[in-house]
Amino acid sequence: MDPRRKTGKNGEEQGISPSALKMRMLKKLRCTQRFEKLAWLAGAKLVAGVDEVGRGSLFGPVVAAAVILNPEDRIRGLRDSKLLPPERREVLAAQIRDRAVCFAIAEVDSATIDAINIYQASRRAMLQAVQLLSLRPDHLLIDAMQIDFDCAQTKIIHGDALSASIAAASIIAKVERDRMMRELHEVYPHYNLASNKGYSTPTHIRCLREHGPAPLHRQSFAPVWNSRLKPPQEVLDFMMEIESEESTDSQTDPALTTDA
């Protein structure tokens, strides 16, 4: 380790964001069929990987996918969709669609997210994706949670970086949601959705402050809710202009002044 780098109490390098540290850790994990093989050995015939994307976004739906891979047709290069460049995700998504036994995609909209919270909305999207599969799975591999579906389930922390089936679901869901955000960018161009995909980037936060939230923003999320407390920039400019005019009038019109 470079002696010039400082570490904190937990051995973490100072000056590196938690998200950067997480990405560094995920890159070290190996995405394999180990969990699928365990399920097959236990008697499962149709093992589905399930994952969602958009959980941390400020805008639009959470999207989930369920994928049953063909054990006889291994798709190489599967890994957590966050670790793949967009072009590679598109290639892999096409391969998954063509070569998987079956797959399904489901979404839960922003209004429902506000009504039932993002955790429950994610579980609902995952459940709907599994229910939409053309074949009923007998074992689910799910990224970090369980759902109300009657079959064996394995909850895997960082599952999209460890399980090929979950990674496949992650890729399918990510490509689908990114497509939706590009289309919504044409409807709501003020928020730069084609670039930030609705996530809490500095540009998106600035746009929220300037224009206020759109109907598809998740109104219960703190950055969106906070943006409603401040008027749009054009209103602020107008208020400042009025205050400036009133200040000038009070200095020139004796009727608007008071005796000390």
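**Entry 1: the second largest pocket**

I began with the lining of the second largest pocket, which by class has 5 nonpolar, 4 polar and 4 charged residues. This is a predicted model, and I kept that in mind throughout. I then looked up how many residues line this pocket, and the count is 13. Cys31, Arg74, Ile75, Gly77 and Leu78 are the ones nearest its centre. The space inside the second largest pocket is about 180 Å³.

**Entry 2: the largest pocket**

Next I turned to the largest pocket. It holds about 660 Å³ of space. I found 24 residues in its lining. Nearest the centre are Lys22, Asp80, Lys82, Asp160 and Tyr199. Sorted by class, the lining has 10 charged, 8 nonpolar and 6 polar residues.

Which elements each supply at least two residues of this lining? I noted α1 (18-28), β1 and α7. The largest share, 4 residues, comes from α1.

**Entry 3: strands β2 and β3**

I moved on to the strands. β2 covers residues 62-68 and is joined to β3 by 7 bridges. The two strands run antiparallel. I picked out alanine 64 and looked for its bridge partner in β3, which is alanine 106.

Then I sorted β3, residues 102-108, by face. Cys102, Ala104, Ala106 and Val108 make up the covered face. Phe103, Ile105 and Glu107 make up the uncovered one.

**Entry 4: aromatic rings**

I searched for aromatic pairs and the count came to 1. The rings belong to phenylalanine 59 and tyrosine 188, with centres 5.7 Å apart. Their planes stand at 70°, so I logged the pair as edge-to-face, a label that applies over 60 degrees.

Where do the two residues sit? Phenylalanine 59 is in the loop between β1 (47-53) and β2. Tyrosine 188 is in the loop between α7 (164-187) and α8 (193-196). The pair therefore ties together parts that are 129 residues apart in sequence. Are phenylalanine 59 and tyrosine 188 buried or exposed? Both are buried.

Conventions. Residues numbered from 1 in each chain as written. Predicted model: local features only at pLDDT ≥ 70, side-chain atom pairs only at ≥ 80, totals over all residues. Heavy atoms only, no water. Buried < 20%, exposed > 50% of the residue type's maximum accessible area, 1.4 Å probe, protein only. Pairing = 2+ DSSP bridges. Phe/Tyr/Trp six-rings, centres within 6.5 Å; stacked < 30°, edge-to-face > 60°. 1 Å grid on protein atoms, 1.4 Å probe; cavity = no way out; pocket = protein on both sides within 12 Å on 5 of 7 lines; lining within 4 Å. Points joined across faces, edges and corners; volume = space filled by probe spheres on them. Nonpolar A, V, L, I, M, F, W, Y, C, P; charged D, E, K, R; others polar.
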